[in-house]
Every structure is written in C-alpha cells, then in structure tokens.
Amino acid sequence: MSKIERKVSKSSFGTKSAAAARASVTASQANKVVNRAAQLRAEKDSNGRAPK
Amino acid sequence: MPACASGAPSPNSKRSASAVEIWLRSEHLPPSERLDRLLGDADLVDSLREQGFAGDDWDFVVNELAKYGIAVIGGWMRRGVMSAKCAEKRIRVSTLPDAVKNDYEAVEEIAYETVAEAINHFRDDVLVPGVWDPAKGAALKTFFVGQCMKRYANVARRWVDHDQWPKREVRTDDHLVLDTGRVTGVDDDAIRHVTAQRMLAGVKTERAARALALDACGYTNADIAADLGTSLNGASSLIKRARADIRKTLNITRKGSA
C-alpha cells in the first residue's frame with residue numbers, strides 16, 4: 001500500500017462503508033468522470049472561467 | 001433501468017437493499033473513530049496541500065473521489081431520493097422530466113457530470129482556500145458530497161432549462177431527420193425509411209437511436225452532443241452503443257433465419 005493509499009484509508013473516505021461504496025464503482029466508470037473533470041478544468045483554464 | 005431520479009422512493013426501493021444502499025441511508029461511527037477519521041482527513045489534506053493539490057497523489061485522490069461520488073450520487077438518483085437529500089440541505093433542485101428519469105444513460109450522464117464538476121469545485125472552492133476545517137467536526141467526505149449536491153442542482157437545472165433530453169415525439173423527429181436525406185426516388189426513399197426504422201428499433205434507448213440517426217445524417221459529434229445535452233464523449237458513446245445494439249439485433253436475426 002502506498003503512502004497516499006494509507007492516508008486515504010485513514011481518512012473519512014476509508015471507513016468500511018465508504019470503501020464498499022468505492023469498490024462498487026468500476027475503473028471504467030471512474031475514468032469517465034476523471035477524464036471529464038480534466039476536460040472541464042482544461043476548458044476553464046483556457047477560457048478563464050468554467051464552461052456553462 | 002433506474003427508477004425515479006427525484007421525489008419519492010420508487011417501488012424498486014422496496015427490494016432488499018445492498019450493503020452500499022444501507023450505508024447510503026446513514027453511517028454511524030463511534031465518537032473515537034469519528035475523531036480518528038477527522039484527524040486522518042486533516043493529515044490527507046495537509047499532505048495534498050504540500051504538493052499543491054497536484055501530481056500523482058492528487059490524481060489518486062481524484063480517482064477515489066470519482067468512485068465515491070458516483071456511488072453516492074448514482075445511488076441516490078437510482079433510489080429516487082436525490083431531491084429529498086438536496087432538500088435536507090436546503091438546496092433547491094429542478095425536477096427532472098420523466099423522459100430523463102426513465103433513461104438509464106441520461107441518469108448516468110447527469111451523475112458523471114455532477115461528480116466531475118464537484119471534483120473541480122471541491123479542489124478550488126473547498127480545499128485550496130481552506131474552507132474545510134476539521135475543528136468544526138464535519139468529515140471531508142461530507143463536504144465532498146455537499147459539493148456534489150450543489151453541482152447536481154446546477155447540472156439538473158441545465159438539463160431542464162436547455163431542454164436537453166429527447167422529446168416525447170422523438171421517433172417522429174428521427175423520421176424527419178432521416179427524411180432530410182437526398183431523395184433519388186420515391187421507392188429509394190421508402191426503402192431507406194423502412195430500413196432505418198427497423199434498424200433503429202433494435203437500439204435499446206431513444207437517446208442512442210437519436211444519436212445514431214443524427215450521425216447517419218452527417219451531423220458532427222459536437223452537434224449531436226449539443227442536441228442531446230451531453231459531452232462529446234457521451235455522444236460518441238451513445239453512437240457506439242447504438243451500433244452495438246444493431247449489430248446484436250442483426251446477429252440474432254441472422255442466427256434465427258439460418
């Protein structure tokens with residue numbers, strides 16, 4: 001387990017129920033959201049504000 | 001297919017709840033563990049702050065936030081309690097039309113968009129300015145879910161305000177779209193029309209059928225995304241799914257006639 005993984009596991013995101021919730025989501029689903037967040041950030045950075 | 005995306009719980013909520021769903025109702029931690037978790041939250045935020053909320057560690061946390069957000073927001077939407085949850089926090093949300101509530105892909109897209117926006121706002125509006133304060137007792141994940149609820153209100157409003165869902169007469173619209181193709185003769189047009197109808201009937205959702213119809217008529221993915229109120233990736237995904245549905249239908253038909 002990496003250092004950041006340990007920190008997350010000790011945080012409020014690391015409770016058994018929160019971990020179960022995260023485990024219920026596939027990597028593919030998470031990737032879609034992560035990529036969309038990156039896209040929104042790139043758009044915001046290029047426009048100077050969040051896209052409507 | 002998810003049930004209502006807002007309002008009262010659907011009949012489906014009467015089925016036996018999963019472990020995640022039970023947790024979604026409430027999570028009670030002993031005071032000692034709650035304190036430990038708060039200290040853990042503070043340690044996590046301090047560590048991320050040292051790295052400027054960027055880099056590999058931040059990317060890892062973003063991935064965990066995405067998973068957690070999808071599980072919570074998606075779970076609430078599927079159980080039809082999103083509006084009630086927002087109301088508890090005095091966050092006003094637009095009521096989604098039935099066409100959206102009953103469209104699995106639409107619900108999924110709204111949940112994804114909500115969480116994606118929440119991740120960025122959580123970083124910029126909560127973590128970077130130091131708005132979250134462990135001394136006040138709220139867990140970091142509570143703040144994140146609160147951010148998701150705020151973003152959900154915006155995303156849902158955009159869907160409602162911009163009419164971003166297929167009309168009830170979507171099939172008629174599709175026919176009009178298909179009819180705008182160049183006509184070489186009445187027979188050709190009739191054949192094209194019937195063939196398109198038959199093929200689109202194999203597509204599982206109206207949104208995917210509409211996306212494919214627009215694609216077939218030469219509309220760009222950007223046009224399709226704007227029409228359906230989704231992202232470019234979302235439009236592309238809908239078209240792929242529609243094609244896969246049709247391929248599956250054609251294979252079944254061929255096997256059946258073989």
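View 1. Helix α1 (residues 3-10) of chain A has the highest confidence in the chain, at 94. Helix α2 (residues 16-23) of chain A has the lowest, at a mean of 88. Chain A holds 3 helices and 0 strands. Helices (H or I, at least four residues) and strands (E, at least two) are DSSP runs, numbered from the N terminus. The elements of chain A run α-α-α from the N terminus on. Of its 52 residues, 35% count as buried. Buried means that 20 or more other C-beta atoms lie within 10 Å of the residue's own; 12 or fewer make it exposed, and counts in between make it partly exposed, with C-beta atoms placed from the backbone. Residues are numbered from 1 along each chain as its sequence is written, and chains are lettered from A, ligands numbered from 1, in the order in which they are written. In this predicted model, local features need pLDDT of at least 70 and side-chain atom pairs count only at pLDDT 80 or more, while totals for chains, interfaces and linings use all residues.

**View 2. Chain B, with 12 helices and 0 strands.** Along the sequence, chain B follows the pattern α-α-α-α-α-α-α-α-α-α-α-α. Buried residues account for 38% of the 258 residues in chain B. Contacts are pairs of residues whose C-beta atoms, placed from the backbone, lie within 7 Å. Take the contacts in chain B between residues at least 6 apart in sequence: 77% of them join residues at least 24 apart.

**View 3. The side of chain B that touches chain A.** Here 35 residues of chain B are in contact with 25 residues of chain A. Five helices of chain B each supply at least two residues of this side: α1 (19-25), α2 (31-50), α3 (56-79), α6 (104-127) and α7 (140-161). α3(B) gives the most, with 13 residues. By class, this side of chain B has 19 nonpolar, 6 polar and 10 charged residues. Ala, Val, Leu, Ile, Met, Phe, Trp, Tyr, Cys and Pro count as nonpolar, Asp, Glu, Lys and Arg as charged, and the others, Gly among them, as polar.

**View 4. B:V62 in helix α3 of chain B.** B:V62 is buried, because 21 other C-beta atoms lie within 10 Å. Leaving out residues up to four places away in sequence, B:V62 touches A:V34, A:A37 and B:I119. B:R123 is 61 residues from B:V62 along the chain, and their C-alpha atoms are separated by 9.5 Å.

**View 5. Helix α10 (residues 206-216) of chain B.** Of its 11 residues, 9 are buried, so α10(B) is largely enclosed by the rest of the structure. Among the buried residues are B:E206, B:R207, B:R210 and B:L212. B:G218 follows α10(B), with a positive phi near 90°.

**View 6. α10(B) against helix α11 (residues 221-228) of chain B.** The two helices pack at an angle of about 145°, with axes 10 Å apart. Axes are lines fitted to C-alpha atoms, for helices over the stretch in contact, and angles run from 0 to 180 degrees between N-to-C directions. The crossing is right-handed: a crossing is left-handed if the near helix is turned anticlockwise from the far one by less than a right angle, and right-handed if clockwise. α10(B) contributes B:R207, B:R210, B:A211, B:L214 and B:D215 to the contact. α11(B) contributes B:D223, B:I224, B:D227 and B:L228. The contact residues divide into 4 nonpolar, no polar and 5 charged.

Methods. Two residues are in contact if their C-beta atoms, placed from the backbone, lie within 7 Å. pLDDT is the predictor's confidence in each residue, from 0 to 100.
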